[in-house]
Amino acid sequence: MSNSASNQSSTVQFRHFIDGSFCDSSDNRTFLKRNPADNRIVGHVAEGGRSEIDRAVQASRTALEGPWGKMSVEERSALLYKVADEITRRFDDFVAAEMADTGQPKSMMEHAFIPRGAANFKIFADVVKNVPNESFQTPTPDGAGALNYAIRVPKGVVGVICPWNAPLLLMTWKVAPALACGNTVIVKPSEETPGTATLLGEVMSAVGIPDGVYNVVHGFGKDSAGELLTQHPGVDAITFTGETRTGAAIMKAGADLIRDVSFELGGKNAGVIFADCDFDAAVDSAVRSVFLNCGQVCLGTERLYVERPIFDRFVAALKDRAETLKPGHPEAKTTTLGPLISQEHRNKVLSYYEKARQEGATVVTGGGVPKLEGELAEGAWVEPTIWTGLPETAAVVTEEIFGPCCHIAPFDSEEEVIRRANATEYGLSTTIWTKDLSRAHRVAAKIDVGITWVNSWFLRDLRTPFGGSKQSGIGREGGVHSLEFYTELRNICVKL
């Protein structure tokens, strides 16, 4: 039995990790964690309150002044490499934990989410060792001059509030650069996915990360650990990935303390498919961008615009591919579609399925709940769903659903599709499919999003800036752009 969990009536108890040790809540409060694939209880999770947040902040501040704060960049980077290697050594444990939390297919965990989660530590360990700093020789009236140069220092204690859709990957995307820059962190995982954040505490201890550098406090948002973390005066910065409304609440909580925030928020991403595209590749990409992770991907595509000459053919092809997706047990090699994260989220997604029908959508495929046998019958399953025929004002065209669904509409000109793609309060990502690279450059420059893929989707160079515009976020992550958030620049002027 691991240090992070104890046996409790054949389920696992997920505990906080504070100051290098696992602990329960001071008032012993817990909540249930269910596996979304079959709705069975898999764990009891400690719910943190003010006492746990206070202890985590104190431990974090002590670590900043102790051995962690005195380490060189090279020493920190070497430890982060060890973190990545230990995640890889315990690969099966992380895969199992994430499958129990999300119910998603094992193949996706093994080939994408867990490897990327580990790789983030090595990527940012390398970035921080190679970031340049400014220096200027400044003339002075006496002719001797002055030297101005900048140094980067850690921001301090960083609150990391994580989403549930790719738990380890998106958590380490924030924790890795924060630690590489010399900060300490307090992680508040989603209440839906406590497993890998907790397990990472074991890894941190095993490789020698000093106590208090990495802390985990479980709980909810409002009136729980999340809200208490965002309001704590001992926290120097907050980074969050999740719903736009939650991001707005976090901004309000931190406003009085004038703290930096970094947000990756919601999206209603558009895919634009021109008639001259590589048709089969565009369909393959749409299958992934609409249905991967049961549609629970911030960069996923919920709006597809297809040039009219290939519209009917594209709709038919995507329908055929959607109907081949197979829900099933996460361990099964034949499973290509997992469940939604919870029964509550399923109710939300199904409410949009009903809205689409009420607003007059043509349901090309799906629109309901698949029939599964045995233990899976109680899981949070929905059918992959495609609609056509709705106006741009329809709820399923304007509001983020975060499920395995999309609306497909025809278009007739560049100007029209640019206007329709931009007709949203969000601005996270888009995809463009065309063999005309001049048109690709032209259209990409006019769509108001943080990232545009041309003839691809989810192709990432982790050194590049990532983030959203409008209601999709504040700030940029990736490479040196992450360092802009996790460090403060200090200017030093030396009179010569």
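## The largest cavity

About 200 Å³ of space lies in the largest cavity of this structure, which is a predicted model. A search of the whole structure finds 5 cavities of 30 Å³ or more. The largest cavity is lined by 16 residues, and those closest to its centre are Leu 169, Leu 170, Cys 298, Leu 299 and Phe 458.

When the residues of the lining of the largest cavity are sorted by class, 10 are nonpolar, 3 are polar and 3 are charged.

## The second largest cavity

The second largest cavity has a volume of about 50 Å³. Its lining is made of 13 residues, and Lys 268, Arg 303, Ala 421, Ser 429 and Val 449 lie nearest its centre. The elements that give two or more residues to the lining of this second largest cavity are β14 (269-273), β19 (426-427) and β20.

By class, the lining of the second largest cavity divides into 6 nonpolar, 5 polar and 2 charged residues.

Phe 458, which is among the residues closest to the centre of the largest cavity, has a positive phi of about 65° although it is not a glycine. Phe 458 is placed in the loop between β21 (451-454) and β22 (469-470), and because its relative accessibility is 32%, it counts as partly exposed.

Cys 294 is not a glycine either, yet it has a positive phi of about 55°. This residue is found in the loop between α10 (279-291) and β15 (301-307), and because its relative accessibility is 1%, whereas buried means under 20%, Cys 294 counts as buried.

Helix α15 covers residues 437-446, and within it Arg 439, Ala 440 and Val 443 are buried. Seen down the axis of α15, these buried residues fall within an arc of 100°, so they line one face of the helix. An α-helix has 3.6 residues a turn, so residues three or four places apart point the same way. The buried residues of α15 pack against α14 (414-422), β20 (429-433) and β21, and β20 is also one of the elements that give two or more residues to the lining of the second largest cavity.

On the other side of α15, Leu 437, Ser 438, His 441 and Ala 445 are exposed. The N-terminal end of this helix is capped by Asp 436, which has a side-chain oxygen 3.1 Å from the backbone nitrogen of Ser 438.

## A buried lysine in a loop

Lys 155 lies in the loop between β8 (146-154) and β9 (157-161). With a relative accessible area of 11%, and because buried means under 20%, Lys 155 is buried.

A polar atom of the side chain of Lys 155 lies 2.6 Å from the backbone oxygen of Phe 485. If its neighbours within four places in sequence are left aside, Lys 155 is in contact with Glu 484, Phe 485, Tyr 486, Thr 487 and Glu 488, and also with Asn 183, Asp 236, Ala 237 and Asp 260.

Methods. Residues are numbered from 1 along each chain as its sequence is written. This is a predicted model: local features need pLDDT of at least 70, side-chain atom pairs count only at pLDDT 80 or more; totals for chains, interfaces and linings use all residues. Side-chain values use heavy atoms; hydrogens and water are left out. Helices (H or I, at least four residues) and strands (E, at least two) are DSSP runs, numbered from the N terminus. Buried means under 20% relative accessible area, exposed over 50%, partly exposed in between (1.4 Å probe, protein chains only). The arc is that of the directions from the helix axis to the C-beta atoms. Contact means heavy atoms within 4.5 Å. A polar contact is a pair of N or O atoms within 3.5 Å; within protein, one must be able to donate a hydrogen and the other to accept it, and residues adjacent in sequence count only if both atoms are side-chain atoms. On a 1 Å grid over the protein atoms alone, a cavity is a set of points where a 1.4 Å probe fits but cannot get out, and a pocket is an open set with protein on both sides within 12 Å along at least five of seven lines; lining residues have an atom within 4 Å of a point. Grid points are joined across faces, edges and corners, and a volume is the space filled by probe spheres set on the points. Ala, Val, Leu, Ile, Met, Phe, Trp, Tyr, Cys and Pro count as nonpolar, Asp, Glu, Lys and Arg as charged, and the others, Gly among them, as polar.
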